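Visitor: I am new to this structure. Please show me how to read it, one feature at a time.

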Amino acid sequence: MSTDTALWKAVLNMPDDLKKELLHYAEYLLEKYPNAKENTKEAEEISEKPRLAGSMKGTFVLPLPDDFDEPLEDFEEYM
């Protein structure tokens with residue numbers, strides 16, 4: 001569960017008085033840490049990049065070789 005989802009669920013269960021207090025505290029934090037706004041914008045820009053379907057195509061060779069489950073020569077001294 002992401003932090004945003006957990007925070008949203010907690011806020012939904014709060015009475016209105018606590019929601020107002022939380023809002024005031026959030027505004028205080030944003031004033032105290034002005035760079036936090038810039039960081040969230042950068043994070044949003046990074047997460048908004050579209051994913052390319054099939055971008056890993058051709059990276060895996062299938063079917064696997066017949067000796068796939070055999071012990072590796074590099075690890076013989078440990079066995």
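**Reading the chain**

Guide: Start with the secondary structure. The protein chain has 3 helices and 0 strands. Keep in mind that this is a predicted model.

Visitor: Which pattern does the protein chain follow along the sequence?

Guide: Read along the sequence, the pattern is α-α-α.

Visitor: Next, burial. What share of the 79 residues is buried?

Guide: A residue is called buried when its relative accessible area is under 20%. Here, buried residues make up 1% of the 79 residues in the protein chain.

Visitor: And how much accessible surface does the protein chain have?

Guide: About 8400 Å². Carbon and sulfur atoms account for 57% of that surface.

Visitor: Now the surface patches. Which residues make the nonpolar surface patch?

Guide: Nonpolar side chains are joined into a patch within 5 Å. In this model, Met56, Phe60, Leu62, Leu64 and Phe68 make one of about 610 Å². To place Phe68, look in the segment after α3.

Visitor: Which residues gather in the patch of negative charge?

Guide: Asp and Glu count as negative. On the surface, Asp66, Asp67, Asp69 and Glu70 form this patch. Glu70 lies in the segment after α3, and that helix spans 35-47.

Visitor: Last, the rings. How many aromatic pairs does a search of the whole structure find?

Guide: The search finds 2 aromatic pairs. One of them joins Phe75 and Tyr78, with 6.2 Å centre to centre and 45° between the planes.

Visitor: Why does the pair of Phe75 and Tyr78 count as tilted?

Guide: Planes under 30 degrees apart count as stacked and those over 60 as edge-to-face, with the rest tilted. The angle here is 45°, so the pair is tilted.

Visitor: Is Tyr78 buried or exposed?

Guide: Exposed means over 50% relative accessible area. Tyr78 has 63%, so Tyr78 is exposed. Phe75 has 43% relative accessibility, so Phe75 counts as partly exposed.

Conventions: Residues are numbered from 1 along each chain as its sequence is written. This is a predicted model: local features need pLDDT of at least 70, side-chain atom pairs count only at pLDDT 80 or more; totals for chains, interfaces and linings use all residues. Side-chain values use heavy atoms; hydrogens and water are left out. Rings of Phe, Tyr and Trp (its six-membered ring) pair if their centres lie within 6.5 Å; planes under 30 degrees apart count as stacked, over 60 as edge-to-face and the rest as tilted. Buried means under 20% relative accessible area, exposed over 50%, partly exposed in between (1.4 Å probe, protein chains only). Patches are made of residues with over 30% relative accessible area and no salt bridge: like charges are joined within 9 Å, nonpolar side chains (Val, Leu, Ile, Met, Phe, Trp, Tyr) within 5 Å. Accessible areas come from the Shrake-Rupley method with a 1.4 Å probe; for residues, only the protein chains shown count as cover. A salt bridge is a side-chain nitrogen of Lys or Arg within 4 Å of a carboxyl oxygen of Asp or Glu. The place of a charge is taken as NZ of Lys, CZ of Arg, CG of Asp or CD of Glu. Helices (H or I, at least four residues) and strands (E, at least two) are DSSP runs, numbered from the N terminus.
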